[in-house]
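Reader: Hi! I'm new to this one, could you walk me through it?
Author: Happy to, here it is.

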Amino acid sequence: MNTATTATVSLGAVTLGLSILAWHLARWWKTGGGAKAGPPGAGGGGRDAKILIPFLASVALGMLCVTAAGGLLGTGAVMLLDAGNTLGNWSLTAVTGPATPGVTKSGHEVLSPGGCAALVIYIVILAAIWKSGGKVFHGKVTSGVTCGVMLGLSAGFSGVAAAAVVTVFNALGDKVTGVM
């Protein structure tokens with residue numbers, strides 16, 4: 001089993017992650033999710049939640065990568081998190097003034113060996129889909145992974161969501177690979 005990552009997340013990085021999430025949700029809400037704007041029945045197509053799948057799948061990938069304590073994925077995610085901490089702290093301090101505290105969840109989940117195998121398979125699937133996607137899709141995936149990395153270790157609701165994603169991947173990976 002992986003040891004827990006020693007990375008920490010600041011309020012600035014969490015604010016950056018939540019800002020990315022808010023951006024995508026606001027654009028989805030405003031445009032009706034790619035369908036005609038307006039409620040269903042009033043001539044509009046409503047909001048199609050399927051439009052959010054690439055972004056949310058990428059958020060889950062970012063959350064999983066930041067909980068992978070080692071290897072290239074864990075190292076890359078921690079480097080991205082460090083950049084997010086720096087940029088987020090600077091932006092919060094510049095805009096609002098106060099210092100930004102750390103908001104890392106204590107005792108966060110880690111990937112089991114089976115969960116790591118499931119993560120690699122998940123990356124292969126997303127890479128295959130990425131290959132066939134266009135620029136808009138690539139932007140959603142890139143921003144989703146960044147959002148997931150920023151939110152994956154937080155003590156708030158997003159940290160709870162990350163723990164749920166890690167638990168599902170561990171259970172699925174352990175069952176499929178036979179690691180129990």
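Reader: Great. What kind of model is this?
Author: It is a predicted model.

Reader: How many helices and strands does the chain come to?
Author: The chain has six helices and zero strands. Read from the N terminus, the elements run α-α-α-α-α-α.

Reader: And how much of the chain is buried?
Author: Of the 180 residues in the chain, 39% are buried.

Reader: What share of the contacts is between residues 24 or more positions apart?
Author: Counting contacts with a separation of 6 or more, 80% are between residues 24 or more positions apart.

Reader: Nice. Which residues have the most contacts inside the largest nonpolar core?
Author: Those are Leu 64, Leu 81, Leu 111, Tyr 122 and Phe 169, in a core of 31 residues. In soluble globular proteins, nonpolar side chains tend to be buried together.

Reader: Which elements give two or more residues to this core?
Author: They are helix 1, helix 2, helix 3 (71–96), helix 4, helix 5 and helix 6 (157–177). Helix 2 gives the most, with nine residues.

Reader: Let's look at helix 2, then. How far does helix 2 reach?
Author: Helix 2 has 15 residues and spans 21 Å from its first C-alpha to its last, close to the 21 Å expected at 1.5 Å a residue.

Reader: Is helix 2 enclosed or open, and why?
Author: Helix 2 is largely enclosed by the rest of the structure, because twelve of its 15 residues are buried. Among them are Phe 55, Val 59, Gly 62, Met 63 and Cys 65.

Reader: What covers the buried residues of helix 2?
Author: The cover includes helix 1, helix 3, helix 4, helix 5 and helix 6.

Reader: How do helix 2 and helix 4 pack?
Author: Helix 2 (residues 53–67) and helix 4 (residues 113–132) pack at an angle of about 145 degrees, and their axes are 11 Å apart. Their crossing is left-handed. From helix 2, the contact uses Ala 57, Ala 60, Leu 61 and Leu 64, and from helix 4 it uses Leu 119, Tyr 122, Ile 123 and Leu 126. By type, the residues of this contact are eight nonpolar, no polar and no charged.

Reader: Okay, new topic: how do helix 1 and helix 5 pack?
Author: Helix 1 and helix 5 (residues 135–151) also pack at an angle of about 145 degrees, with their axes 8 Å apart. This crossing, too, is left-handed. Helix 1 brings residues including Ala 13, Gly 17, Ile 20 and His 24, while helix 5 brings residues including Lys 140, Ser 143, Cys 147 and Met 150. The residues of this contact divide into nine nonpolar, four polar and one charged.

Reader: Which residues of helix 5 are buried?
Author: Phe 137, Val 141, Gly 144 and Val 149 are among them. What covers the buried residues of helix 5 includes helix 1, helix 2, helix 3, helix 4 and helix 6. Helix 5 has 17 residues and reaches 24 Å from its first C-alpha to its last.

Reader: Back to Ile 20. Why does Ile 20 count as buried?
Author: Ile 20 has 17% relative accessibility, so it counts as buried, the cut-off being under 20%. Ile 20 is found in helix 1. Not counting residues up to four places away in sequence, Ile 20 touches Phe 55, Ser 143, Thr 146 and Cys 147. Ile 20 and Cys 147 are 127 residues apart in sequence, yet 6.1 Å apart in space, C-alpha to C-alpha.

Reader: And Lys 175, buried or exposed?
Author: Lys 175 counts as exposed, at 62% relative accessibility. Its place is in helix 6.

Reader: Last one: where is Thr 31?
Author: Thr 31 is in helix 1 (residues 11–31). Thr 31 is partly exposed, with a relative accessible area of 42%.

How values were computed. Residues are numbered from 1 along each chain as its sequence is written. This is a predicted model: local features need pLDDT of at least 70, side-chain atom pairs count only at pLDDT 80 or more; totals for chains, interfaces and linings use all residues. Side-chain values use heavy atoms; hydrogens and water are left out. Axes are lines fitted to C-alpha atoms, for helices over the stretch in contact, and angles run from 0 to 180 degrees between N-to-C directions. Helices (H or I, at least four residues) and strands (E, at least two) are DSSP runs, numbered from the N terminus. A crossing is left-handed if the near helix is turned anticlockwise from the far one by less than a right angle, and right-handed if clockwise. Contact means heavy atoms within 4.5 Å. Ala, Val, Leu, Ile, Met, Phe, Trp, Tyr, Cys and Pro count as nonpolar, Asp, Glu, Lys and Arg as charged, and the others, Gly among them, as polar. Buried means under 20% relative accessible area, exposed over 50%, partly exposed in between (1.4 Å probe, protein chains only). A nonpolar core is a set of buried Ala, Val, Leu, Ile, Met, Phe, Trp, Tyr and Cys residues joined through side-chain atoms within 4.5 Å. The expected span of a helix is 1.5 Å times one less than its number of residues.
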